Amino acid sequence: MSVNRALFSVSDRRGIVDFGTRLSNIGIEILSTGGTAGVLRKGGLPVKDVSEVTGFPEMMEGRVKTLHPRIHGGLLARRDHSGHVGDAESHGIRMIDLLTVNLYPFEETVARADVTIDEAIEQIDIGGPAMLRSAAKNHAFVTVIVDPDDYPGVASELEAAGSVSEATRTRLCIKAFEYTAHYDQTIAAYLSRVLVQC
């Protein structure tokens with residue numbers, strides 16, 4: 001699928017500036033959330049804040065920023081479905097063709113011997129898994145990336161063809177669901193252990 005618009009929201013920022021540069025150089029618009037947007041701008045990239053798209057500022061200390069129809073509609077809309085396209089046009093929703101997300105570092109946080117339950121709870125990502133599931137569900141039209149090691153291959157496909165192959169989108173979709181499943185299992189295991197002790 002062709003890619004015109006991408007959304008980046010990452011806690012692991014390895015390679016994100018180089019990836020963003022390669023996408024920007026071939027005319028792909030980049031949207032981003034607060035911390036990631038700052039890193040991209042520092043790297044000299046033009047970035048549009050997600051808050052400009054949603055019309056709402058990031059709030060509640062960043063707990064609420066991407067849970068909005070203009071984000072999830074852009075990820076979930078089927079491009080071959082006239083009803084979806086019509087709804088998007090009616091509500092000012094523009095398509096998001098590529099999503100790059102990795103989640104708050106919950107596993108790394110709870111591995112610390114001195115971590116508190118409150119600190120652990122704050123590392124439970126909500127918007128990130130929701131976006132990943134939206135993009136992966138709609139992988140027929142959206143490329144979803146959770147691993148920085150996949151940036152070079154995707155960028156090369158886009159530079160060569162302006163699109164990402166079905167095989168790559170399928171592989172990355174499965175990887176995204178495996179990633180969110182592991183993340184949720186880690187949270188469940190930790191909370192089962194610590195909350196039962198309380």
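Arginine 169 sits in helix 10 (residues 166-197); helices (H or I, at least four residues) and strands (E, at least two) are DSSP runs, numbered from the N terminus. This is a predicted model: local features need pLDDT of at least 70, side-chain atom pairs count only at pLDDT 80 or more, and totals for chains, interfaces and linings use all residues. Residues are numbered from 1 along each chain as its sequence is written, and side-chain values use heavy atoms, leaving out hydrogens and water.

Reader: Why is arginine 169 said to have no salt bridge?

Author: A salt bridge needs a side-chain nitrogen of Lys or Arg within 4 Å of a carboxyl oxygen of Asp or Glu. The nearest side chain of opposite charge, glutamate 166, is 5.4 Å away, so there's no salt bridge.

Reader: What does the side chain of arginine 169 reach?

Author: The backbone oxygen of valine 164, at 3.1 Å.

Reader: How do you know that the buried residues of helix 2 line one face?

Author: Thr36, Ala37 and Leu40 are buried in helix 2 (residues 34-42). Down the axis, the buried residues fall within an arc of 100° (taken from the directions from the helix axis to the C-beta atoms), so they line one face.

Reader: What makes strand 1 covered on both faces?

Author: Arg5, Leu7 and Ser9 are buried on one side, and Ala6, Phe8 and Val10 on the other.

How values were computed
Buried means under 20% relative accessible area, exposed over 50%, partly exposed in between (1.4 Å probe, protein chains only). Lys and Arg count as positive and Asp and Glu as negative; His and the chain ends are not counted. A polar contact is a pair of N or O atoms within 3.5 Å; within protein, one must be able to donate a hydrogen and the other to accept it, and residues adjacent in sequence count only if both atoms are side-chain atoms.
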